[in-house]
Amino acid sequence: MQKKQLWERYKNLLYHDAELELSVDTSRIDFPEGFLEEMEPRLQQAYQEMEALEKGAVANPDENRMVGHYWLRAPEQAPEAALSEEITSTLAAIKAFASSVHGGNIAAPDGHRFTDLLIIGIGGSALGPQFVADSLGGPGDRLRIWFFDNTDPDGMDKVLSRIGTALKQTLVVVISKSGGTKETRNGMLEARRAFERAGLHFAAHAVAVTGSGSELDGTASWESWLGVFPMWDWVGGRTSVTSAVGLLPAALQGIDVERLLAGARACDQKTRSRVTRENPAALLALSWFHATRGKGARDMVLLPYKDRLLLFSRYLQQLIMESLGKELDRDGNRVLQGIAVYGNKGSTDQHAYVQQLREGVHNFFVTFIEVLKDREGPSLEVEPGATSGDYLSGFFQGTRAALYEKGRESVTITVRELSPVSIGALIALYERAVGLYASLVNVNAYHQPGVEAGKKAAGAVLKLQGEIVEMLRRQPNREFTGEEMALALARPEEVETVFMILRHLAANGDHGVSVTVKDKIWENKYRSKG
């Protein structure tokens with residue numbers, strides 16, 4: 001297709017909203033003639049399902065619950081007045097709490113103001129807050145923000161070493177709906193120990209975001225933590241960033257959460273349109289459907305040309321892959337659906353994997369995200385007539401063109417600048433696109449049975465570890481290979497897991513296990529140090 005033809009196609013397919021200063025360009029998705037018209041009945045069905053969801057229909061039948069993240073930025077849309085009031089009052093409480101922290105009315109036990117903020121969570125309880133913090137944070141932040149987002153001891157030690165002596169002025173927010181999420185529980189216990197070692201009372205620094213009546217709620221109440229904010233069962237973790245999960249950290253950091261919600265609310269209004277060409281989320285869903293053949297046949301490569309959006313791909317990995325990656329459709333048919341998401345940032349991508357994207361295996365489509373405004377204030381001319389930002393824009397346009405020359409399809413989303421409004425709009429745009437696409441391919445976007453299966457498997461491994469440690473302690477003079485231990489436990493089918501557990505135990509001194517190294521690693525012998 002010639003450049004002039006591409007320009008006409010661009011004008012024909014471009015969605016632009018002047019209020020949000022948001023554009024969605026699908027001109028480099030090769031929709032065949034009549035595709036949009038062919039998909040229209042399925043989209044109308046998707047709109048109908050979305051409307052029912054927003055009115056309070058049970059959208060997650062596996063858990064018999066409503067799905068109400070859209071109400072978080074439009075409380076008046078909630079199906080019950082009590083829900084509307086709870087959303088409104090929670091936002092007010094978040095703003096009041098943040099104001100009290102910033103003003104020093106809620107302070108560290110030594111009377112000094114809090115200077116640092118440690119968020120403990122995993123999955124949606126960390127990815128959304130991390131994305132917002134990284135995209136909107138800066139030198140003017142009211143609190144420096146840190147995260148425990150895994151159960152990796154070394155990772156937590158690294159964060160604590162960076163906080164250093166500021167621990168005594170560090171506020172901790174623990175986020176877990178059930179209160180029993182092991183990674184978050186472990187992070188809380190590690191943080192508690194760090195505070196105690198520093199001679200500090202953990203509860204005097206702690207805040208919880210959790211479900212009513214959860215284990216964490218009970219702990220916070222019993223120990224008189226500084227505050228408890230709600231997580232509702234009708235908000236899933238991956239769509240919780242506009243609830244207390246994301247709003248409390250953002251408000252404490254100093255981000256304008258009202259503007260974040262305003263951006264999401266405005267985008268929600270646009271994406272409720274049943275006129276497909278006037279609905280940017282529908283255009284995204286159609287692009288995904290065409291690019292992946294509606295079966296996940298191609299991966300989504302996310303390339304934001306803005307350093308502050310680097311974490312957007314990690315956020316979208318959970319939102320898209322956990323929502324769409326399903327073995328069964330809503331009728332019980334085995335479909336193996338999903339879209340794999342990965343990403344880097346421009347122009348780093350040109351020195352990383354654009355070579356393969358242009359000339360290698362064609363198993364992807366690209367989403368570019370363009371931010372028009374380079375920075376606050378004037379830019380240096382790095383050469384006559386060109387700034388660093390001009391180069392970044394040039395690299396984006398060049399990569400887009402170079403990929404399309406080779407038949408590599410792409411979508412481009414453009415915002416004028418990064419602000420709480422535009423970040424809120426991006427969050428809402430993708431939440432709606434995921435919901436619409438899920439309807440198009442007939443999967444339940446609001447449950448995650450595979451995640452639960454992984455948690456159960458991990459529990460089984462830890463139970464087996466306990467049996468291994470007990471066997472070693474009962475027989476302190478005996479050495480075991482992995483195979484011998486599996487037989488001793490009458491678990492010969494678990495020999496590989498037993499071997500891996502023994503290797504891990506011997507590498508760490510916590511359980512008192514030593515290893516005698518042999519020529520072949522699987523013949524290594526393990527024993528209790530006694």
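This tour moves through the structure stop by stop, naming what to select and what is found there.

The model is predicted, so local features require pLDDT of at least 70 and side-chain atom pairs count only at pLDDT 80 or more, while totals for chains, interfaces and linings use all residues. Residues are numbered from 1 along each chain as its sequence is written, and side-chain values use heavy atoms, with hydrogens and water left out.

**Helix α1**

Select residues 3-13, which form helix α1; helices (H or I, at least four residues) and strands (E, at least two) are DSSP runs, numbered from the N terminus. Within α1, display Trp7 and Tyr10, which are three residues apart, about one turn of the helix. A search of the whole structure finds 19 aromatic pairs. The ring centres of Trp7 and Tyr10 are 5.6 Å apart and the planes stand at 15°, so this pair is stacked. Rings of Phe, Tyr and Trp (its six-membered ring) pair if their centres lie within 6.5 Å; planes under 30 degrees apart count as stacked, over 60 as edge-to-face and the rest as tilted. Trp7 is partly exposed, with a relative accessible area of 43%, and Tyr10 is partly exposed at 25%. Here buried means under 20% relative accessible area, exposed over 50%, and partly exposed in between (1.4 Å probe, protein chains only).

For an aromatic cluster, select Phe131, Trp288, Phe289, Phe312, Tyr315, Tyr430 and Tyr437.

Select residues 215-223, helix α7, whose buried residues are Leu216, Asp217 and Ala220. These cover an arc of only 105° around the axis, which puts them on the same side of α7; the arc is that of the directions from the helix axis to the C-beta atoms. The face turned away from the buried side carries the exposed residues Glu215 and Trp222. After α7 comes Ser224, with a positive phi near 60°.

In helix α6, select Arg192, which counts as buried at 16% relative accessibility. Leaving aside neighbours within four places in sequence, Arg192 is in contact (heavy atoms within 4.5 Å) with Phe202, Thr219, Glu223 and Trp225.

**Salt bridges**

The whole structure contains 33 salt bridges, each a side-chain nitrogen of Lys or Arg within 4 Å of a carboxyl oxygen of Asp or Glu. Select Arg144 and Asp116, whose closest N and O atoms are 2.8 Å apart. Arg144 lies in strand β6 (residues 144-148) and Asp116 in strand β5 (residues 116-120), so the pair ties together parts that are 28 residues apart in sequence. Arg144 is partly exposed at 42% relative accessibility, whereas Asp116 is buried at 1%.

Proceed to Lys373 and Glu417, a salt bridge with its closest N and O atoms 3.4 Å apart. Lys373 lies in the loop between β12 and β13, and Glu417 in the loop between β15 (410-415) and α14 (420-441), so the pair ties together parts that are 44 residues apart in sequence.

**A surface patch**

Finally, select Leu380, Val382, Tyr391 and Phe395, a nonpolar surface patch with about 370 Å² of accessible area together. Accessible areas come from the Shrake-Rupley method with a 1.4 Å probe; for residues, only the protein chains shown count as cover. Patches are made of residues with over 30% relative accessible area and no salt bridge: like charges are joined within 9 Å, nonpolar side chains (Val, Leu, Ile, Met, Phe, Trp, Tyr) within 5 Å. Leu380 lies in the loop between β12 (364-371) and β13 (381-383) and counts as exposed at 63% relative accessibility.
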